[in-house]
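User: I would like to go through this structure with you, one topic at a time. Could we begin with how the strands are arranged?

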Amino acid sequence: MEKAFLIYPENCIGCRACQVACKQWNQLPAEVTANYGTYENPPKLSFITYTKIKYTEKKNSSGIQWLFLKEQCLHCREATCMLVCPVPEAIIRTKEGAVVLNRDKCIGCKHCVNACPFHIPQFDPVTGKVSKCHFCHTRIAEGMEPACSQICPTGAIKFGDRDALLRQAKNAGYQSIYGEKECRGLNVMYAIKVAPKQYGLPEDPHVPKAALFGWLRICKPLLGLGSGIAIIAAILDFFNRKNNSKEKTTTD
Ligand code: SF4
Ligand code: SF4
Ligand code: SF4
């Protein structure tokens, strides 16, 4: 059964317990940061920060309103990080829908970094490796839920079967769920009633074409004819389907 997160940013209080739980479970050190005039900390994802809460401040009639967004890998159903990775099994998808990067196999080529529509994978120049959220796939495989959703005190991070989560959100009045259809479906979705860009989410996430074709130009000489043709076909198919879905959205 495909698993997913459905995050309700309106229920998030910005406590960052999810950030801490992720660090603890993954034994990641804290970041050294400087105060830059906001409670948001750290300022961005990094090799040692797989998830963080983005704070957006908005002025309204009663003063300042904070919008909180949990940032992390969105575990795309059609993950371009997987598509462009030249190393077999360096990035895999589990049967539950987690997109998992194996740091031992990563060669630090950064193609996944450049191809991700959400700018998630993080390169570490010291180790020459890339890292990102792995959806706590080892916990899921043991019947547990991810560390971040388990700790959340407000229930802002719902974890469970993707279809059931979508049904619950729609029954609760969220007709448009970010991630239900974006990039042909994400396994981390957001139930929001305002425009996604108000939370800093891209309205039309897409893969930079230059990233895909740059990768192809570099790797083509290394590929056998058969695998080369298969990869070119996969890339063309990817863009065809993306264009088709755009046309469909336009005509809907
Ligand atoms: S959000 Fe980026 S890193 Fe995560 S699965 Fe999608 S393409 Fe890969
Ligand atoms: S799913 Fe696991 S690795 Fe990903 S953000 Fe949550 S705690 Fe961190
Ligand atoms: S633990 Fe829950 S309420 Fe706290 S910051 Fe994370 S998502 Fe928001």
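Analyst: In this predicted model, 4 strands form an open sheet with mixed pairing, in the order 8-1-10-9.

User: Which are the edge strands?

Analyst: They are strand 8 (157-161) and strand 9 (177-178), each of which pairs on one side only.

User: And how does strand 1 run relative to strand 10, parallel or antiparallel?

Analyst: Strand 1 (residues 3-7) and strand 10 (residues 188-191) run parallel and are joined by 3 bridges. Within this pair, leucine 6 stands opposite methionine 189 of strand 10.

User: What about strand 2 and strand 3? In which sense do they pair?

Analyst: Strand 2 (residues 52-60) pairs with strand 3 (residues 63-71) in the antiparallel sense, over 9 bridges. The two strands form a hairpin, with 2 residues between them.

User: What stands opposite lysine 52?

Analyst: Lysine 52 faces glutamate 71 in strand 3.

User: How does the lining divide by class?

Analyst: The lining of the largest cavity has 13 nonpolar, 2 polar and 2 charged residues.

User: Cysteine 18 was on your list. Is that residue buried or exposed?

Analyst: Cysteine 18 counts as buried because its relative accessibility is 9%, under the 20% cut-off.

User: On to the ligands. Which residues are closest to ligand 1?

Analyst: Ligand 1 is surrounded by 14 residues, of which the closest are Cys73, Leu74, Cys76, Cys81 and Cys116. By class, this shell has 11 nonpolar, 2 polar and 1 charged residues.

User: With cysteines on that list, how many disulfides does the structure hold?

Analyst: The structure holds 0 disulfides.

User: And which residues are around ligand 2?

Analyst: The shell consists of Phe5, Cys22, Asn26, Thr51, Lys70, Cys133, His134, Phe135, Cys136, Pro146, Ala147 and Cys148. Helix 1 and helix 5 (147-151) are the elements that give two or more residues to this shell. The residues around ligand 2 divide into 8 nonpolar, 3 polar and 1 charged.

User: Why does cysteine 133 count as buried?

Analyst: Cysteine 133 has a relative accessible area of 11%, and buried means under 20%, so cysteine 133 falls in the buried class.

User: One last topic. Where does glutamate 31 lie?

Analyst: Glutamate 31 lies in the loop between helix 1 and strand 2. With a relative accessible area of 27%, glutamate 31 is partly exposed, because that class covers values between 20% and 50%.

User: How far apart are glutamate 31 and isoleucine 48, in sequence and in space?

Analyst: Glutamate 31 and isoleucine 48 are 17 residues apart in sequence, and their C-alpha to C-alpha separation in space is 7.7 Å.

Definitions and conventions. Residues numbered from 1 in each chain as written. Chains lettered and ligands numbered in written order. Predicted model: local features only at pLDDT ≥ 70, side-chain atom pairs only at ≥ 80, totals over all residues. Heavy atoms only, no water. Pairing = 2+ DSSP bridges. Nonpolar A, V, L, I, M, F, W, Y, C, P; charged D, E, K, R; others polar. Near = heavy atom within 4 Å. Disulfide = S-S within 2.5 Å. Buried < 20%, exposed > 50% of the residue type's maximum accessible area, 1.4 Å probe, protein only.
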